[in-house]
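Open the model in your viewer and keep the selection panel handy.

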Amino acid sequence: MYEIDQPQVVEFKTKALAALGAATTAEHRAVGIDLRHDWPGKLRDTGFDTSRPAAWSAEGFLPFLPTDAQDRLLDSVTALSAVGSRFVGETLGPSGELHAMMHTRTRAAVDRWRQHGFDIDLTELGYVGERNDAAAYLQSRGWTTASTKVADLFVENGLRLPVDEAAEQALMSESFTYFTATRI
Ligand SMILES: C[S@@+](CC[C@H](N)C(=O)[O-])C[C@H]1O[C@@H](n2cnc3c(N)ncnc32)[C@H](O)[C@@H]1O
């Protein structure tokens, strides 16, 4: 199993887990690199085998990439993926409207947390604006995809969507989607 994250995050997690005496049951190889940069070479150097199908998880990650970096990442994943590889991620849709809503909600949360001493501005970490729909982008590059709207996932699991405003509910129900993709 390969885990790619920012070098500082990999370093922090490695130290924290070691301090707890925790060890993964699977063979785990952490790759510390910024995914906006040239990461495929470093992944290969760590032993990644492109001749075998891979399972990629990019859950909770794509909104942290600028729009062009998201496209480059999906191109790199495609180039590294043998037929039969799988990919999972979520998409907020291409319009930028849901990204903007998420940004506003994060802004409000950060303002609340600041009153309790939390001084990191999470709104600076993501990128708002129009972007390619990740599932559609992969489809156009040789993947089949299956998508489930997040509202349906909440219903299937007996949960309530965590938004109160009707307009936000509608936007989230229609646009926020989890998808799986299979390389063909
Ligand atoms: C919300 S978390 C998702 C975590 C993931 N689903 C998991 O279960 O570990 C977003 C992750 O993306 C990482 N990240 C954000 N931007 C990145 C970048 N440019 N390069 C590498 N990792 C990045 C963050 O450090 C963080 O670990």
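From which domains does the shell around the ligand draw at least three residues each? Domain 1 (1–48) and domain 2 (55–183) each supply at least three; these bounds come from an automatic or database domain assignment. A note before you click: this is a predicted model, where local features need pLDDT of at least 70, side-chain atom pairs count only at pLDDT 80 or more, and totals for chains, interfaces and linings use all residues. Residues are numbered from 1 along each chain as its sequence is written, and side-chain values use heavy atoms, leaving out hydrogens and water.

**Stop 1: the shell.** Select Asp 5, Gln 6, Val 9, Ile 33, Asp 34, Leu 35, Arg 36, Glu 59, Gly 60, Phe 61 and Phe 64, the residues around the ligand (a heavy atom within 4 Å of it). Colour them by type and you get five nonpolar, two polar and four charged, with Gly counted as polar.

**Stop 2: polar side chains.** Show the N and O atoms, with a polar contact being a pair within 3.5 Å. Asp 5 places a polar side-chain atom 2.5 Å from a ligand oxygen. For Glu 59, the distance from a polar side-chain atom to a ligand nitrogen is 2.8 Å. Gln 6 has a side-chain N or O atom 3.4 Å from a nitrogen of the ligand. The protein buries 63% of the 600 Å² that the ligand exposes when taken alone (Shrake-Rupley method, 1.4 Å probe).

**Stop 3: the domains.** Zoom out to see domain 1 and domain 2, whose C-alpha centres are 22 Å apart. Their contact (heavy atoms within 4.5 Å) takes seven residues from domain 1 and 11 residues from domain 2.

Terms used. Polar contact = N/O pair within 3.5 Å; in protein donor to acceptor, adjacent residues only side chain to side chain.
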